[in-house]
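Here is a model to be questioned term by term.

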Amino acid sequence: MIRVQREDFDPGREIARLTEGRRDIGGVVSFVGLVRDMAGDAKIGAMTLEHYPGMTEKQLAAIDAEANRRWPLAASLVIHRYGRLEPGDRIVLVATASPHRDAAFDASRFLIDWLKTRAPFWKLEETPRGAEWVEAKASDDIAAARWRKKPDAAE
Amino acid sequence: MKVLYFAWLRTRIGKPEDAIELPKGVGDVRGLIDHLRGLGPGYDQALKDLKTVRVAVNHEYVGFDHRLKPTDEVALFPPVTGG
């Protein structure tokens with residue numbers, strides 16, 4: 001399941017809802033991305049996340065479907081916010097649930113790595129030098145690339 | 001054809017979208033971008049380095065050789081930075 005929203009989310013409540021009434025889930029792995037107050041050497045006052053409505057939902061759904069194809073997940077959830085956010089604010093939640101922990105750990109890592117390079121979001125940071133668009137990181141491409149080959153765990 | 005711009009492509013071009021009539025002889029994304037670069041200095045500056053431009057047609061990523069149809073929604077944007 002995926003959601004794109006301006007509003008904040010409550011990770012505890014989201015995880016509880018994901019597993020409610022289920023008896024087949026052995027574990028849930030969650031990742032919560034937050035706004036950091038530093039980018040390189042610049043202090044960040046706030047950031048604005050722009051996205052491409054329509055494509056964002058389609059790409060996140062495709063990434064979520066791919067995770068469910070590769071790993072035996074009992075449930076999965078991706079929430080991504082957009083709009084103006086301040087340091088400490090939550091940006092993204094990835095939660096994966098499965099009967100056994102390995103699938104949940106691997107799928108959560110896959111989801112966050114892939115959405116960083118495929119979901120159409122762009123960050124505009126407010127720094128003392130003025131507003132600056134965040135540049136894509138080569139390290140994110142490398143992190144995503146290792147998932148291009150189907151891992152053994154998914155066979 | 002609807003053409004959308006995001007992030008610094010949008011700020012350099014100065015607007016979020018255009019309605020473009022595909023000129024005769026323009027069949028793919030590369031041709032569309034060449035055409036757009038002729039529309040003004042903002043377009044030219046935003047689109048001159050294709051290494052920093054990503055393309056989606058109808059919400060799916062495509063390459064610069066992708067063939068275009070008049071009804072397509074094309075989006076041009078920098079590499080994404082979500083998550």
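Predicted model: local features only at pLDDT ≥ 70, side-chain atom pairs only at ≥ 80, totals over all residues.

Q: Why is the pairing of B:Glu60 and A:Lys58 called a salt bridge?
A: The rule asks for a side-chain nitrogen of Lys or Arg within 4 Å of a carboxyl oxygen of Asp or Glu. For B:Glu60 and A:Lys58 the N to O distance is 3.4 Å. The label therefore holds, since 3.4 Å is within 4 Å. The count between chain B and chain A is two salt bridges.

Q: What makes up the contact between chain B and chain A, in residues?
A: On chain B, 20 residues take part; on chain A, 25. Together the chains bury about 1800 Å². Carbon and sulfur atoms carry 59% of that area. On the chain B side, B:His59, B:Thr81 and B:Gly83 lose the most area, together 37% of what that side buries.

Q: How many residue pairs are in polar contact across the interface of chain B and chain A?
A: The rule finds 13, with both residues at pLDDT 80 or more. On chain B, α1 (7-13), β4 (60-62) and β5 (73-77) each supply at least two residues of the side touching chain A. The largest share, four residues, comes from α1(B). By class, that side has 11 nonpolar, six polar and three charged residues.

Q: How do you know that the span of helix α3 of chain A agrees with its length in residues?
A: The helix has 18 residues (101-118), so at 1.5 Å a residue it should span 26 Å. Its end C-alpha atoms are 26 Å apart, which agrees.

Q: Which elements do the buried residues of α3(A) pack against?
A: They pack against β2 (27-34), α2 (55-70), β6 (75-81), β8 (90-98) and α4 (138-145) of chain A. Among these buried residues are A:Phe110, A:Leu111 and A:Trp114.

Definitions and conventions: Residues numbered from 1 in each chain as written. Chains lettered and ligands numbered in written order. Heavy atoms only, no water. Contact = heavy atoms within 4.5 Å. Buried area = accessible area lost by both parts, 1.4 Å probe. Polar contact = N/O pair within 3.5 Å; in protein donor to acceptor, adjacent residues only side chain to side chain. Nonpolar A, V, L, I, M, F, W, Y, C, P; charged D, E, K, R; others polar. Expected span 1.5 Å × (residues − 1). Buried < 20%, exposed > 50% of the residue type's maximum accessible area, 1.4 Å probe, protein only.
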